[in-house]
Amino acid sequence: MTETQKSLALHFGLLALLFALQFILPAYHHGNLSRIMVLATYAIGYNLLFGYTGLLSLGHAMFFAAGMYGMGLMIRHLGFTPAPALLIGVLAGLALSAAVGALALRTTGVAFMIVTLMFAQAGYLIILYFGEWTRGDEGFVIQQVQRSLWGIDLSDPTARYFAAWMLFSACLALSLWLIRHPFGRTLIAIRENESRAQMLGYDVFRHKLGAVVLSGTISAAAGAAYALLFGYAGASFATVQYSILPLLWVLLGGAGTLIGPFLGTLFTFYLIDIASAFTTAYMLVVGIVLVALTLFARQGIGGEIRARLWNWLP
Amino acid sequence: MEFGPYLMLASLEGAVTAAVLALTAVGLSLVFGVMRVVNVAHGEFFMLGAVLAWWIATTMGGHPAAGFAAALIVAPILVGVIAAAADMTILKRVDYDPERTIVVTIGLLYIIQQLTLMTYGPEARPVEPPFNTRLALPWIEWGENGLGLYWPWGLSTTTYKLAVIGAAAVVLIGVWLLMTRTRIGLVMRATQLDREMAQAFGIPVERIYALVFGLGAALAALGAVLIVPIQQAHYLMGGDPLLLSFIVVIIGGLGSLPGTVVAAILIGMSDGIISVFFTPTLAKILATLLVALVLVFRPQGLFGARPA
Amino acid sequence: MTLLGARMLSKDFGGLHAVRNVDIDVPEGQIRALIGPNGAGKTTLIGLICGRLAPTSGTVRFADQDISHLPAHRRIRLGIAYTFQITSIFDRLTLHENVALAVRRLGGDPATEVPAALDRVGLLQHQRRLAGDLSYGHQRLLEIAMGLAQKPRLLILDEPTQGLSDSEIDAFKALIRDLKSETTILLIEHNMSVVMETADIITVLNFGEVLAEGTPSAIRANPDVQAAYLGTG
């Protein structure tokens with residue numbers, strides 16, 4: 001097999017496995033995996049910016065929340081049906097990421113991290129400020145009757161799993177295609193050596209902006225899908241914690257690998273799940289894993305696999 | 001209350017906020033200035049100071065002043081030692097790489113916060129102030145007999161609040177003297193200017209870094225000990241000071257101590273005064289957006305000089 | 001026809017005049033060498049020409065167009081290729097991908113053009129290796145291959161032979177002579193045998209100013225240049 005074939009076999013094999021698992025898994029893990037696939041989509045969006053372009057954002061929760069509220073508020077206050085509401089959620093993420101990117105990309109490094117953090121914090125506070133519509137920290141439930149997409153009831157576990165799988169598959173396939181496309185190759189070049197990429201004649205700013213928008217839009221799609229599939233939107237999804245989590249998922253799974261976001265999300269989800277059975281301080285796990293990864297395994301799971309087993313892993 | 005007295009009250013409350021904020025932010029600024037790293041766990045060192053203050057005061061028992069005095073000395077030292085240990089075991093090993101340091105201090109943030117939750121618990125607990133006499137304040141007004149003083153109801157402060165402002169001022173002057181007038185301050189500034197050069201001249205850079213990181217955390221802890229008789233100690237109390245310190249340090253010009261103090265006074269005072277006009281949430285929204293835009297358009301800070 | 005023309009180009013760093021009132025004209029098809037003692041302002045001047053630095057004053061024209069206000073990547077797109085003095089390649093990507101990035105920007109076909117460019121510098125057999133694994137001299141050659149792959153109208157080489165072996169330097173001289181029919185070259189070089197054997201015209205910089213300009217034999221005979229290099233009055 002060529003490297004391309006191996007890579008396609010691996011990633012489509014994963015999708016096939018995830019599809020098949022729904023028939024085997026007990027209800028609890030079935031529900032978890034639906035959630036993991038939506039969150040892994042968020043991580044895929046984050047990884048495009050962090051793993052492939054080399055830009056570390058500490059504010060992606062604002063894009064996730066833009067999708068969530070863009071979608072949720074349309075249903076709640078304007079009586080939209082899910083399809084157009086989803087579209088508006090995604091568009092909200094697109095517009096927000098374009099605006100934030102255009103400003104934040106004037107900075108680099110630590111300043112970029114803090115600017116994104118500050119914008120996200122402002123976003124969170126704005127959700128609280130308009131509590132009359134958003135119901136602030138408490139959030140709001142999207143009723144079962146409002147969650148029917150093209151006649152399919154998305155509160156039904158089977159439909160929900162399938163929808164999550166579709167979203168995850170689409171975004172994984174998109175990123176698989178993207179990193180083979182010249183645009184994606186250029187993002188990697190910018191990550192590796194920005195001034196060299198510029199002196200080859202690439203417009204670095206526009207490529208980075210494209211990456212922020214793509215990343216923000218995928219994150220918004222995940223946020224919108226999360227609210228629709230699980231019937232709830234709340235300001236907690238806009239907090240710093242939800243900006244840190246995708247960073248953790250991607251670091252754990254392996255930044256700059258396609259399979260990393262899924263692996264990282266899966267492991268973190270179950271780590272937190274297990275830890276919360278023992279203590280309310282389950283976020284301790286997040287802290288320990290972050291420190292341990294930074295100290296001992298900078299490449300994450302996917303990076304270690306690439307370094308030790310499969311050097312073709314994209 | 002009328003507007004004038006109300007504004008005066010807000011300014012006094014703002015001055016207390018500003019005093020504590022200045023201590024906390026100068027700690028963050030010191031670490032950024034000398035070590036060129038952003039410590040995201042800074043707010044947790046603040047929280048740790050407050051929680052330890054409660055623990056020390058409760059363990060001591062006896063007169064509140066004795067417990068508080070012990071906390072005022074012991075809590076910052078303990079927090080400083082913990083921070084220095086974190087520097088030597090963790091930050092040193094990521095080689096103070098700016099981005100990896102941020103990630104690793106985020107990890108530290110959760111570890112400290114969640115360990116506090118596991119041991120101290122989710123309750124908010126007060127510490128009794130060592131002294132707390134209410135001082136009614138006068139207001140000037142045109143009355144029937146011309147200009148006269150009167151005491152509006154509710155316009156008051158406490159001796160303790162005034163003491164907080166005084167204590168913060170003394171400590172800040174102390175830090176300034178330490179940095180400008182002592183040998184250790186000179187060594188710190190040399191390290192800040194050029195780490196390699198400092199190392200070449202035999203300055204033990206690693207020990208200086210541990211010292212600075214400990215000192216930065218101790219200043220945050222000190223701020224927390226001072227505020228804990230007014231607020232309460234809670235395991236999630238580190239978030240706001242972290243955010244506000246970020247705002248202050250960035251607006252004051254990264255790594256500039258005088259700029260940081262000026263910005264702390266500005267932000268702390270306006271936090272009190274703005275909330276007269278806006279809701280606190282709106283004030284925070286405006287402040288965070290201001291910080292983001294300052295970093296984008298004026299990265300040297302509002303008070304910093306544009307580099308040549 | 002003049003391909004590159006700079007007028008009164010100056011750059012100050014604080015109080016230091018790194019480049020002062022430099023005029024330079026390079027006609028199409030010429031091999032121009034830029035020499036001068038360390039700190040003479042050669043790399044700064046190149047930085048001003050390709051837009052990595054903003055000039056304090058002065059203008060740059062390229063192919064009958066004022067490019068003084070264009071950002072670096074736009075200048076590159078007009079047909080300037082630049083190789084860095086301190087090797088700047090994509091260490092963790094393969095040689096093939098390094099050159100392919102140059103080829104793709106012009107809309108070329110990497111499958112044919114990448115091997116062609118690597119072949120010209122003698123690195124074809126290494127094209128699947130990671131660039132960071134190459135020896136320093138080979139990394140210099142890779143930079144040149146990336147420059148060639150851009151099919152530039154002006155190729156700027158900043159100390160290309162630094163770290164090359166004698167046989168590699170001979171191959172490099174041959175390559176430069178070979179390129180003469182295809183492109184204009186601006187060459188910063190310390191190795192005098194390379195300069196004397198390849199350059200049509202030499203410009204000598206000293207303390208940020210043009211000290212002399214002329215053919216290799218004229219420059220060799222110029223007493224000012226000798227003084228600047230040997231430090232004797």
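**Chain by chain**

Modeller: Of the 308 residues in chain B, 46% count as buried, and please keep in mind throughout that this is a predicted model.

Colleague: OK, staying with chain B, how many helices and strands does its secondary structure come to?

Modeller: The secondary structure of chain B consists of eleven helices and four strands. If you take the contacts in chain B with a separation of 6 or more, 76% of them are between residues 24 or more positions apart.

Colleague: At what angle do α6 and α8 of chain B pack?

Modeller: Helix α6 of chain B, residues 183–193, packs against helix α8 of chain B, residues 205–227, at an angle of about 105 degrees, and the two axes are 11 Å apart. Angles of 65 to 115 degrees count as roughly perpendicular, so α6(B) is roughly perpendicular to α8(B).

Colleague: And which residues make that contact between α6(B) and α8(B)?

Modeller: From α6(B) the contact uses Val187(B), Met188(B) and Thr191(B), while α8(B) brings in Val205(B), Ile208(B) and Val212(B). Sorted by class, the residues of this contact of α6(B) with α8(B) are five nonpolar, one polar and no charged.

Colleague: Switching to the contact between chains A and B, how many residues does each chain put in?

Modeller: Chain A gives 32 residues to the contact and chain B gives 33 residues. On the side of chain A that touches chain B, the elements with two or more residues are α4 (82–104), α5 (109–129) and α13 (283–296) of chain A, and α5(A) provides the largest share, 14 residues.

Colleague: What is the make-up of that side by class?

Modeller: The side of chain A that touches chain B has 24 nonpolar, seven polar and one charged residues.

Colleague: Now inside chain A, how do α2 and α12 cross?

Modeller: Helix α2 of chain A, residues 27–50, and helix α12 of chain A, residues 260–278, have axes that come within 8 Å and cross at roughly 135 degrees. That angle makes α2(A) oblique to α12(A), and the crossing in which α2(A) passes α12(A) is right-handed.

Colleague: Which residues should I display for it?

Modeller: On α2(A) the contact is made by Asn32(A), Ile36(A), Leu39(A), Ala40(A), Ala43(A), Ile44(A) and Asn47(A), and on α12(A) by Gly260(A), Pro261(A), Phe262(A), Gly264(A), Thr265(A), Leu266(A) and Phe269(A). The residues of the contact of α2(A) with α12(A) comprise nine nonpolar, five polar and no charged.

Colleague: There is a histidine I was looking at, His29(A); why does it count as partly exposed?

Modeller: His29(A) is found in helix α2 of chain A, and it counts as partly exposed because it has 14 C-beta neighbours inside 10 Å, whereas a buried residue would need 20 or more and an exposed one 12 or fewer. His29(A) also lies 9.9 Å from Tyr270(A), C-alpha to C-alpha, although the two are 241 residues apart in sequence.

Colleague: Last one, what domains does the assignment give for chain C?

Modeller: The domain assignment of chain C gives domain 1 as 2–79 + 153–230 and domain 2 as 89–151, with their C-alpha centres 24 Å apart. The contact takes ten residues from domain 1 of chain C and eight residues from domain 2 of chain C.

Colleague: And which elements supply the domain 1 side?

Modeller: On the side of domain 1 of chain C that touches domain 2 of chain C, β6 (154–158) and α6 (166–179) of chain C each supply at least two residues, and the largest share, three residues, comes from α6(C). By class, that side of domain 1 of chain C has six nonpolar, three polar and one charged residues.

Definitions and conventions: Residues numbered from 1 in each chain as written. Chains lettered and ligands numbered in written order. Predicted model: local features only at pLDDT ≥ 70, side-chain atom pairs only at ≥ 80, totals over all residues. Contact = placed C-beta atoms within 7 Å. Nonpolar A, V, L, I, M, F, W, Y, C, P; charged D, E, K, R; others polar. Axes fitted to C-alpha atoms, helices over the stretch in contact; angles between N-to-C directions. Parallel < 35°, antiparallel > 145°, perpendicular 65-115°, else oblique. Left-handed = near helix turned anticlockwise from the far one by under 90°. Domains from an automatic or database assignment.
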